[in-house]
Amino acid sequence: MQSEENRKEVFECLPEASALRIMVVPSVISQLIVLIYNMADTFYVGQTGNPYMVAATSLILPVFNITLCLAGLAGIGGGALISRLLGRGMEEEARRVSLFSIGLALLVAAAFSVGTGLFMKELLGILGAGENTYRFATQYALCVIVFGGIPTVLSNVLSNLIRSIGRSREAGTGIILGGLLNILLDPLFMFVLLPDGLEVLGAGIATALSNCIACLYFLLVLRKMGGQSVITFNPRVGRAGRESVKAVFAVGIPSAVATLLFDLDYVIIDKLMVSYHDLALAAIGIVLKVERFPLNVGIGICQGMLPLVAYNYASGNWKRMKKIIHLAAGVGLVTALISILLYQLFAPQLSRLFISDAQTLEMASRFLRIRVLATPLMFLSFFTVYLFQAFGMGKKSLLLGMMRWLVFNIPMLFLLNRLVGMYGIVWSQAAADILTVTLSACVYRKFAPREGDA
């Protein structure tokens, strides 16, 4: 069980670099494992050589990603508030917020899973499932969303809540456990336990089971932490205050919307690129996967930083808070710059991990060398949003998220596609994020809290 002294050691006493390392490293590792396991189903299903199975899992992926949006609603919103409440010494209200966040996660996950099950036919019709993909898409959706939706959402929410009290190692371990299990269970269910023709069902079962085990791990962590833990299922702690509920939604809704728009941006890129030729679509698909590695490292840095900033902002320790912000920003930017160097040097080798066709490989290498130039800008835009979430300024984070995707990124895709063509789509990220980072800097300079505001 984590004592009050242990929590304060991370949030208040350890040198800023040490505290940031303790919080960030598990978050970064878990983000990378999540990225790898998100590719696992597609990779293993691809081994069947059945294009309809591959298409079916791809159709369901955007719907599955909605579960991550729902997790952000309760997990990011609740976690940021809990860290601020602990910084103010309001431990009892933090317990009530954790109970509300868990209840909210269960409610929205159950509603989404039941709704998906009831309207499966209509949903698959909207997604474009045909007679060749409908059966496979149904199998996959039933496993990962209808039956696996609640444990997927709950495990992600619990990870964020546990990280919010300074236990980043346990938060990251659960996500890593789920990811590694999915990678190991996929081939077992697909190629060993189930007969030929049921590979998609096997992939779905493996994903759902791995998320269930990850959820069980988090429940065991909470049990080990004891009844006095800030993160609790105990209804006796009472109901969260009205202002606390509003604060959860104020940060959680922008987080969910940003995740949804991020996925929408990728969908539009695919839709625009397919108008050229299939090789261009294949090439950009590879690039969108490879570019996620430095991006997910940046998100892990932001996730680990958020509780530290939120706690010290609320407690009024401005000197420590500013040092943590500067350290985190520096680490993120150095990582982004290193990724630019590596991708410029090894773009063909990285692309070859996913494709061997010479023409597609050449195109993917060119695309990757262009897209990676936006990596520092993408990190800074995410970083600013996470800072406003740490401060509890949900409206500002929502403004930046909406402006980034709906005003800059998506319109830039259509504009540069029309003016430049195929390579305009590839350059759109860098062009849009120059505008995003400029806006973010202006908003942060004007609205960032000053000493004494907390």
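Glu-91 is partly exposed in this predicted model, because its relative accessible area is 22%, a value that falls between the limits of 20% for buried and 50% for exposed residues. Its partner in a salt bridge is Arg-95, and the closest N and O atoms of the two are 2.9 Å apart. Arg-95, by contrast, counts as buried, because its relative accessibility is 6%. Both residues belong to helix H4, which covers residues 91–118, and they are separated by about one helical turn because they lie 4 residues apart. Side chains of opposite charge can pair when their charged atoms come close.

A further salt bridge is formed by Arg-167 and Glu-170, with 2.6 Å between the closest N and O atoms. Arg-167 counts as buried because its relative accessibility is 14%, and Glu-170 is likewise buried, at 13%. Elsewhere, salt bridges that share partners connect Glu-91, Glu-92 and Arg-95 in one network.

In the whole structure, 9 salt bridges are found. One of them is formed by Arg-320 and Glu-16, whose closest N and O atoms are 3.9 Å apart. This pair links distant parts of the chain: Arg-320 is in helix H13 and Glu-16 is in helix H2 (residues 16–46), 304 residues apart. Arg-320 and Glu-16 are both buried.

Helix H13 also takes part in the second largest pocket, where it gives the most to the lining, with 6 residues. This pocket holds about 380 Å³ of space. Its lining consists of 19 residues, and those nearest the centre are Ile-325, His-326, Phe-383, Leu-387 and Tyr-444. Two or more lining residues come from each of the helices H13 (318–352), H15 (375–390) and H17 (422–447). By residue class, the lining comprises 13 nonpolar, 3 polar and 3 charged residues.

Another member, Ile-150, is located in helix H7 (residues 149–164). Ile-150 is classed as partly exposed because its relative accessible area is 32%, and membership of a patch calls for over 30%.

Key. Residues are numbered from 1 along each chain as its sequence is written. This is a predicted model: local features need pLDDT of at least 70, side-chain atom pairs count only at pLDDT 80 or more; totals for chains, interfaces and linings use all residues. Side-chain values use heavy atoms; hydrogens and water are left out. On a 1 Å grid over the protein atoms alone, a cavity is a set of points where a 1.4 Å probe fits but cannot get out, and a pocket is an open set with protein on both sides within 12 Å along at least five of seven lines; lining residues have an atom within 4 Å of a point. Grid points are joined across faces, edges and corners, and a volume is the space filled by probe spheres set on the points. Ala, Val, Leu, Ile, Met, Phe, Trp, Tyr, Cys and Pro count as nonpolar, Asp, Glu, Lys and Arg as charged, and the others, Gly among them, as polar. Buried means under 20% relative accessible area, exposed over 50%, partly exposed in between (1.4 Å probe, protein chains only). A salt bridge is a side-chain nitrogen of Lys or Arg within 4 Å of a carboxyl oxygen of Asp or Glu.
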